[in-house]
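Let's walk through a protein model together, one question at a time. Have the viewer open and follow along.

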Amino acid sequence: SPLTPWWKNATIYQIYPASYKDSNGDGIGDLPGILGQLDYIQSLGVDAIWICPMYKSPQIDMGYDVADYEDVHGPYGTVADVEAIIAACHERGLRILLDLVINHTSDQHAWFKESRSDKASAKRDWYIWRPAKYDANGVRRPPNNWRSIFGGSAWEWDEVSEEYYLHLFAVEQPDLNWENAEMRAAVFESAMEFWLRKGIDGFRVDTVNMYSKDQSYRDAPIIDPNHEHQLDASLFCNGPRIHEFLREMGDILLKYNAVTVGELPSTPEVADVLKYVSEKEQQLSMVFQFDIVDVGRGKDFTFQTTPRNWTLPELRASVKRTQALMDGTTDGWSTTFLENHDQARSISRWGSEETPELWATSAKMLAMLAASLSGTLYIYQGQEIGMVNAPLEWDMSEYKDLDSLNYYNYVKKISGNDPVALEATKVAIAHLARDHARLPMQWDSTPNAGFSSEGAKTWMRVHDNYPELNVERQTSDPNSVLSFWKGLLRVRRANPTVFAQGVFEDTDPSHGACFVFEKHSDSEKLVVALNFSSEKQSVDLAGRLGNANRKVLAKNYEEDVLDSLQPYEGRIYLVE
Ligand code: TEU
Ligand code: CA
């Protein structure tokens, strides 16, 4: 309809600056590198890009620890480089989103330095400070038993001002105190309007449901008595004032007509999700729900799981939950995605790397899943060429993410260096670590995969498979994963009402090997049939397709047999 805003039918390409393209040979991707690849990005057929944090930061958490919202991380470039990217995007008709990280800052941010300097500081209340508790033996204890998301207590003792501050993430990421109105105004001005005035089109909003904390800061229930600290996300997600804060933020976004996609972990109820994205609420345009990417992960720690610890019914139930926002009865909107910078590669999780054939086939099958679901489609860099996890053989020293390293060291400590426990941990990390998404982008078959210059020491090791798996090779191959993605984006763009806005219906939720679903719009229907196993499976598509006029819009095998699917086969039919 003419009233559909641009972003609903859009495909947005996510860029991780450190790993995209290094223009000056220091081994770190940078903004001029991104600028130089805009033609490539445009050739994919996407509508917009989202660039992960490029702000000034000590990089404890790869830029999600911002030291200055109005400046750029030196190795990435300058504010002028961002301005050049904004202009170049707009020249090409691409929109651009930046990351907005405002649950916390870096401990190197001037605000925090001032806040911690003195209990009487004017910015003391901009962060969350609490006095110590003392146990029966007079030992100093943190205010409660919360564990931080990256491990250890969520409270850090400050020697200078003699209080604890809250950090839901790393010690170096103190949480901002959203109860303080002056702090909120400063965040809106510095982190948002500074960039909105430069013409960006919106933000991906980090951890958007954590700003409002229940002020009682009560202890978390003991989920696992084997651990000293407990993680109960319900105590800090979706807190009492969150929607008030987001409406305040919404007023600013409205002024610039800016789009937002909020990251919404730990929110399984559709009714709760809707509160964030309901059109009449004017809070967020859409959200990233975690249901799909959480399939097969531990509930407590990220890594408490073994490879392929998931079932297809679990995966399809989570797809169904995230599609519910677009079932035609709500005024909300959501997203479809299988990867981002916090997730292992989707082929390594849900596809197959057993042979080059199965790799390509399953990459295309997963692309058909992502691209045929409703909501705004997000593709993460490298997903379009089917990049995969680092191999199991790689040493722990190749992993750089603090989440992986903290967890490994934690197991080391509590297991007393037990080799069996450590090997299991390593296997889990090789399967699920965030590092896998952060390996350098594979552009061509020259040394360092064309990511950086020959001989440079890249900040993360380049995957060994780059001579075969790279953009250049796939660009010239009409049967490549890359060519397949381009074709899919074309058909999605040509049929937006059923692809991006259609109503999802799972046809057989309990089937353990094949995911067959339908999408409905007023006049069209999609039948999507995907085999998630490495065996041939029988299916009954004839009944679903009926005698009506049908077209195969995408497939990853030559034949088109209505009663079976080959290993990792996928097909998308349009029925009119
Ligand atoms: O992630 C927030 C989040 O809730 C998770 O995805 C989290 O990273 C994961 O559970 C840890 O294993 C966002 C960013 O996407 C992430 O990169 C940052 O580290 C985090 O916020 C802190 O800013
Ligand atoms: Ca560089």
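Below are some notes on conventions, then questions with their answers.

This is a predicted model, in which local features need pLDDT of at least 70 and side-chain atom pairs count only at pLDDT 80 or more, while totals for chains, interfaces and linings use all residues. Residues are numbered from 1 along each chain as its sequence is written, and chains are lettered from A and ligands numbered from 1 in the order in which they are written.

Q: Which domains does the domain assignment of the protein give?
A: The bounds come from an automatic or database domain assignment. Domain 2 covers 110–166 and domain 3 covers 502–575. The remaining one, domain 1, is written in two pieces, 11–106 + 180–483.

Q: Which UniProt annotation covers residues 14–438?
A: UniProt positions are given in the numbering used here, with feature names shortened, and annotations may be inferred rather than shown by experiment. In the model, this span is 32% helix and 13% strand, and its end C-alpha atoms lie 12 Å apart. The record is an unreviewed entry, and its annotation reads "domain: Glycosyl hydrolase family 13 catalytic".

Q: Which helix gives the most to the side of domain 1 that touches domain 3?
A: Take contact to mean C-beta atoms, placed from the backbone, within 7 Å; then 23 residues of domain 1 are in contact with 23 residues of domain 3. Helices here are DSSP runs of H or I with at least four residues, strands are runs of E with at least two, and both are numbered from the N terminus. Both α9 (312–323) and α11 (356–372) supply at least two residues of that side of domain 1. With eight residues, the top contributor is α11.

Q: Is strand β5 (residues 95–100) largely enclosed or largely open, and why?
A: A residue is buried if 20 or more other C-beta atoms lie within 10 Å of its own, exposed if 12 or fewer, and partly exposed in between, with C-beta atoms placed from the backbone. Strands pair if DSSP finds at least two bridges between them; β5 runs parallel to β2 (residues 48–51), joined by four bridges, and pairs in the parallel sense with β11 (residues 202–205) over four bridges. Ile96 in β5 faces Ile49, and Leu97 faces Gly202 in β11. Because six of the six residues of β5 are buried, the strand is largely enclosed.

Q: How many C-beta neighbours inside 10 Å does Phe499 have?
A: Phe499 is found in helix α16 (residues 496–499). Not counting residues up to four places away in sequence, Phe499 touches Ser372 and Arg492. Phe499 counts as buried because its C-beta neighbours number 27.

Q: Which residues come nearest to ligand 1?
A: A residue is near a molecule if its C-beta atom, placed from the backbone, lies within 6 Å of it. The shell around ligand 1 divides into five nonpolar, three polar and six charged residues, where Ala, Val, Leu, Ile, Met, Phe, Trp, Tyr, Cys and Pro count as nonpolar, Asp, Glu, Lys and Arg as charged, and the others, Gly among them, as polar. Of the 14 residues there, the nearest are Tyr64, Pro265, Thr302, Asp342 and Asp403.

Notes: Contact = placed C-beta atoms within 7 Å.
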